[in-house]
Amino acid sequence: MKHLLSIEDLDQEAVESLLDRAESFAEVSKRDIKKVPALRGRTVVTLFYEASTRTSSSFELAAKRLSADVVSVKASGSSVEKGESLKDTVETLSAYDPASIIIRHPQAGAAQMLSGWVDAAIVNAGDGMHQHPSQALLDLFALRQRIGSIEGRKIWIVGDVLHSRVARSNIQAFSMMGAEVTIAGPPTLIPRGIEASGCEVRYSLDGIEEADVVYLLRMQRERMEESFVPSIREYARLFQVNSRRLNPRQLVMHPGPVNRGVEIGGDVIDSDRCLIADQVASGLAVRMAILFELLAHGGETHASAEGPVPIGEPA
Amino acid sequence: MNEVIDGLPEDGAENGGLPAPLVQRPGPEANLLIRGAELLDPAAGISGARDILIEGGSISRLAEAGTLEAADGVEVIEAEGLHVFPAFFDPHVHFRTPGQEYKEDLETGTRSAAAGGYAGVIAMANTSPPVSSPEQIEALRDRASHVASVPVGFTATVTTDMKGTELTEMAELREAGAVGFTDDGLPIASARILRRALQYQAMTGGRIALHEEDPELSGKGVMNEGVVSSELGLRGVPSISESTMIGRDAAIAGYEGGAIQIQHLSAIESIEQIRRAKEDGVDITCEVTPHHLCLTDEAVRDLDASKHKMNPPLRTESDRQALIEALIDGTIDCIATDHAPHAIHEKEVPYEAANMGVTGLETAFSSIYTELVLPGRITLDLLVEKLGSGGVPFGIEPFTLIEGSRANLCLVDLEAEWVVGEDGYESRSVNSWCAGETLRSRVLVTLADGQVAFRLRTFSLGVA
């Protein structure tokens, strides 16, 4: 694995080994000294053209936990605002000889373009409505921690699939790991032809009781102005997942940030069945694992026998 | 419609009171003997190995292969195993003059056309500013008379500055030399405006070429709506965005008795609209591009905007097959490249941000020959005919190899293999949809209105 641009860059084995790696990093995070020297002396650039809290902070922290030097660039307040092109910005940053560039961009394919321009390992931290592979991987990790294998499990992805890069990565990731994926939402927010990706399509929550996991997507209020839904009120009535819709064994996930009372009932967020906090916690370990696999492990995907060694302990 | 013209009239000659439709720079008239080439002019019923003698820029003699000898001052090309076709005509190119000469200009654009075997092209009016006044037409024709290696015709916009609200002075534009009218690049959103233009056309002539899409349905779409757009997370342009507008405009043209050309047909539903309109007797013609005949939206998976982003977008395999069928059964009148050069910095950006359009003049014949003729999907005759018939909707007869005609022909090696872009392009831009592809067949020499407009460098060296 030279870059992480899309879930399609991985196979089941690569995902398993990455999640194994994340598990050992999750262990490290429980120790007093949370840092390992794996990327000491190497530079990681995070380049964010869109607002982000979870993804940018967890990638940054992941790189620091691996002892990398981190340069964080945000579009606002940078030369991007002066009209500098993506290519020129990236070539400028390349002068620092980064081992990796982690990029989020509002347009599909941006990460892929970078991989053609520079030598650094490129990590796609979200490109337009296309892909968000690290999110899918951390979701798989959170699920594995909670229920083990998802082989044969039924996962429903509910909401605005049309505008969601998370949905696209997760449909692929869940299917690859053997889950049966159903997507549900109003027809205006389900992309035409999505069933070709191997998922079933529903226009209601009827039958949601069969789901082992319900994965909710953020419903943006702007969608109403664009006539995708007539009102948020009606959307919530038809597609909100709350405790009345669920039985106790069903798990709920959400990539955040949530709209309480829109796509998700507050009662669900605060319940045990909700994995949102697990997802956030998984983000750090999984992103450490991604950077480790790309940079410290020579691009190979086999798990190292020794595992990471914390700073301060004999190597 | 305007009167049919064969080639270029002499200076000062007029076309029903209108200027000659095409303008080229003056140059030496060819004296050339092409010996032993396979001639193919399906419309004239010419086929087989012949010697073809060109004197003073006109085809003076066709004779059995190996029978003609060159007089002094006549260059000889030994062309056994090569093919000669009537030169091609492209009714849809973007030469970017005025205003965007960093992408292309009349000189590089016509060189690019000549390299593709073309001896005539029609330039679109969506320049910067758009061609909306008679003075602009005159200036463009003047410029072409100095730099165009291939005869060029110019269109004017239907609406002033393509704003879609007021008609241009169509009568004066025709008098200045506009061969037709188009807001290409944009649809004419208002049915009322199109109706008025078609009414007015009854007086002025000049076919109206239409870029058909409903902006309401296209929205911010950047590729075909379907399985691929769903997976890539790119906003889709549904096929009905094109077909519903064609339906509307064919109905208006039928009602008003107007003449319209539907540009760059891409979708199966659109073909149905054209068929119906033709059956109903509407004066409707249409074109298809090489890239829509050869590629589908599967190609967009590489997110390479330089090669695979254009409007209308590449559609599905069933659309592509339907376009091929429509070419074969005559529903589609001609092949047009929609040659749309863009600078590297406008293409080397994420797919959604990139400009739409690809270049196609230099590869039109070779790409379709490779993709459709070699596998037996269409005949060579059909390809030659459809690449040659692009001027007809604008009153310009196809070129021919008949004795006595002006020399408008291309010499082609069907066996040649080349990698597109390997040696650069004649065009100023590199956004060829074939870039890096290996194609079979190559244009070696093009004669345009009696002048040698193009010689492939390597080939010319071989002859010398």
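Predicted model: local features only at pLDDT ≥ 70, side-chain atom pairs only at ≥ 80, totals over all residues.
Two strands pair if DSSP finds at least two bridges between them.

**Entry 1: a pair of strands in chain B**

I looked up strand β8 (residues 152–156) of chain B and found that 3 bridges join it to β9(B), the two strands running parallel. Within this pair I noted that Thr155(B) stands opposite Gly180(B) in β9(B). I then asked how many residues of strand β9 (residues 178–182) of chain B are buried. The count is 5 of the 5 residues, so strand β9 of chain B is largely enclosed by the rest of the structure.

**Entry 2: chain A as a whole**

I turned to chain A and listed its secondary structure, which comes to 10 helices and 9 strands. Along its principal axes the C-alpha trace of chain A spans about 55 × 45 × 35 Å. I compared its radius of gyration with the rule for a compact globule: with 315 residues such a globule would have a value near 20 Å, and chain A has 20 Å, so the two agree. I also noted that 47% of the 315 residues of chain A count as buried. Among the contacts in chain A with a separation of 6 or more, 74% are between residues 24 or more positions apart.

**Entry 3: the two domains of chain A**

The domain assignment of chain A gives domain 1 (7–131 + 282–296) and domain 2 (134–277), and I found that their C-alpha centres lie 26 Å apart. The contact between them takes 22 residues from domain 1 of chain A and 18 residues from domain 2 of chain A. On the domain 1 side, α1 (12–28), β4 (121–127) and α10 of chain A each supply at least two residues, and α10(A) gives the most, with 6 residues. When I sorted the residues on that side by class, they divided into 11 nonpolar, 7 polar and 4 charged.

**Entry 4: the largest nonpolar core**

In soluble globular proteins, nonpolar side chains tend to be buried together. With that in mind I looked at the largest nonpolar core, where, of 232 residues, Ile157(A), Leu291(A), Leu411(B) and Leu447(B) touch the most other members. Helix α10 (residues 276–296) of chain A gives the most to this core, with 11 residues, and the core draws at least three residues from each of domain 1 and domain 2 of chain A.

**Entry 5: one arginine**

Is Arg65(A) buried or exposed? I counted 25 C-beta neighbours inside 10 Å, and a residue is buried if 20 or more lie within that distance, so Arg65(A) counts as buried. Arg65(A) lies in helix α2 (residues 54–65) of chain A. Beyond its neighbours within four places in sequence, Arg65(A) is in contact with Lys34(A), Lys35(A), Val36(A) and Met288(A). The C-alpha atoms of Arg65(A) and Val36(A), 29 residues apart along the chain, are separated by 6.1 Å.

**Entry 6: where the chains meet**

Last, I checked the contact between the chains, where 21 residues of chain A are in contact with 17 residues of chain B. The elements that give two or more residues to the chain A side are α3 (86–94), α4 (110–117) and α6 (165–176), and α4(A) gives the most, with 3 residues. By class, the side of chain A that touches chain B has 8 nonpolar, 9 polar and 4 charged residues.

How values were computed
Residues numbered from 1 in each chain as written. Chains lettered and ligands numbered in written order. Contact = placed C-beta atoms within 7 Å. Helix = DSSP H or I, 4+ residues; strand = E, 2+ residues; numbered from the N terminus. Nonpolar A, V, L, I, M, F, W, Y, C, P; charged D, E, K, R; others polar. Rg over C-alpha atoms; globule rule 2.2 N^0.38 Å. Buried ≥ 20, exposed ≤ 12 C-beta atoms within 10 Å, placed from the backbone. Core = buried A, V, L, I, M, F, W, Y, C linked by C-beta atoms within 7 Å. Domains from an automatic or database assignment.
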